[in-house]
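Reader: Please take a close look at the ligand site in this model. I want to see what lines it, and what the surrounding fold looks like.

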Amino acid sequence: MLSTTRRNPPAATAQWITHRQLVVNTKDQYTPPQHVKRTTGQTDRFTVCARVRPLLPAEANDPDMYDCVTVHNGRTVAVHSGEARLMKQRTKHTAFYLDHVFGPEEGTEVVFQKAVRGAVASSIPASGVDPVDSTVFLFGKTGTGKSHTIAGITHLFATDIFNLLHKTKDVAQIGLSILELVAGTKGFNVSNDFVTDLLNDSEIVHFRDDEHGVMHLRGAVELPCPNAETLNHHIRTGQSLRRTQATTRNAGSSRSHLVYLVRIRQKSASSEDPSSNPILSTITLVDLAGTESKTDTLYHTDKNQIQDSASINRTLSTLKECIRSAAAGSKVIPFRGSVLTRLVKKSFVDNSVKTVFIGTLSGIPADAEQSRATVKYMGLVKWRLRDFMVEQEVEHKEEPNVPVRKMTGPAAKHSYLLLKTPVLHKERPGKRSTGAESQSLDG
Ligand SMILES: Nc1ncnc2c1ncn2[C@@H]1O[C@H](COP(=O)(O)OP(=O)(O)OP(=O)(O)O)[C@@H](O)[C@H]1O
């Protein structure tokens, strides 16, 4: 019969280290590798950028908070995180090389000038050049600054488009529709979200593609915008009517995707209905609702909030699926999987459309994984993964000599801030170590 000796739990002194101490010390010394060769992505059809928001006052005042994102040379963004496995501590640094990266100190004017203006300008009729459609996506985790960025962009856009149109104002006119994509039920293979027109008493909009692939919106009005003030006014009205709700991450979290359709049409003095004049080009601005992690949705209390979150995440995963398929060069892009992807289908299937992806990131450590995911998915639309992402894991051998400290306040809620580094006594002769000791220290 096998005899089992009951082992006493090993005496141990636990030293504690926070991710803050682990990451802050190493991220400043980190320099992104320079060996990335851009063998793909020569196309100028897509522009991929990231904008990092500053820490908000409540975050900056938290003594355990730190910024885990760094920006290098305006083109590279790195996300840093730390982890401890048993006796080892590691830091992970993921660098992404993009078209533009905007740091926390850069204003929305810089984002507009460097990332958006070029695409918008290509939709303006100019002598000798046919205008093309353009689309701008704001993509990122909840609370990372999509609505903040689009509010600034639309404001600048409203003035700038009339400056750009200056020479052609006698031949072109502008019309605006603002569509909101609201959570519906989950269909069999297509989500049944519905589209409403915010500038038409939130009437339901039906849309159909004709045999030429042109999308027609039934139930949506297109408001004529003869000048910047009118365009700005309608945009602000739409933004004020959007569905928002307080969540644990954002007091004014958007619970829907918002699509601004700016149509540039041929001007005709004789036409009674200007919204039926031929379309020269369409500028689409898409402010996506934010992705939410499991932790974010944990605190949703009412049924609608849970349904909205499920729908938002479902739509975003279809969008990611479309990006993945386009990246793989697939002929079948599953844009029919969601209402949003049907609306923006042209960006994936028409090579002439100029598309800008702006990924918004926050530097808070709880968002590190989602920040990586945001940039990774956007980048895939243009480059192969190895051409724009480099990941480094650094193992720190020396034991940290930091005092034991107890976490309180909001930081304690997030396990990401707290690591234990157990230091075990040496094994005594005759006793067999199973490794269970080190795990028991986690309790
Ligand atoms: N670049 C920035 N500079 C200063 N404050 C910012 C910036 N970006 C975002 N913020 C602030 O961060 C908070 C959250 O931003 P915002 O509501 O735009 O996030 P979001 O990504 O649209 O979130 P959700 O997906 O939940 O709607 C707001 O208080 C906003 O003012």
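Author: Start with the shell. Of the 18 residues around the ligand, G145, S147, S253, S254 and G290 come nearest. A residue counts as near a molecule if its C-beta atom, placed from the backbone, lies within 6 Å of it. Two elements give two or more residues to this shell: α4 (146-164) and β14 (253-254). The largest share, three residues, is from α4. Helices (H or I, at least four residues) and strands (E, at least two) are DSSP runs, numbered from the N terminus.

A word on the basis. This is a predicted model, where local features need pLDDT of at least 70, side-chain atom pairs count only at pLDDT 80 or more, and totals for chains, interfaces and linings use all residues. Residues are numbered from 1 along each chain as its sequence is written.

At least three shell residues come from each of domain 1 (15-106 + 353-443) and domain 2 (127-352). The domain bounds come from an automatic or database assignment.

Next, the core. The largest nonpolar core has 83 residues. Such a core is a set of buried Ala, Val, Leu, Ile, Met, Phe, Trp, Tyr and Cys residues joined through C-beta atoms within 7 Å. Buried means that 20 or more other C-beta atoms lie within 10 Å of a residue's own, with these atoms placed from the backbone. Helix α3 (residues 108-121) gives the most to this core, with six residues. Like the shell, the core draws at least three residues from each of domain 1 and domain 2. C49 is among the residues with the most contacts inside the core. Beyond four places away in sequence, C49 touches L98, D99, H100, V101, F102, A115, F357 and I358. Contact means C-beta atoms, placed from the backbone, within 7 Å.

Then strand β16 (residues 279-287). Eight of its nine residues are buried. Strand β7 (residues 134-140) runs parallel to β16, joined by five bridges. F137 stands opposite V286 there. Strand β15 (residues 257-266) is antiparallel to β16, with eight bridges. I283 in β16 is the bridge partner of V262. Strands pair if DSSP finds at least two bridges between them.

Last, the whole chain. It has 13 helices and 19 strands. Buried residues make up 40% of its 443 residues.

Conventions
A residue is buried if 20 or more other C-beta atoms lie within 10 Å of its own, exposed if 12 or fewer, and partly exposed in between; C-beta atoms are placed from the backbone. Two residues are in contact if their C-beta atoms, placed from the backbone, lie within 7 Å.
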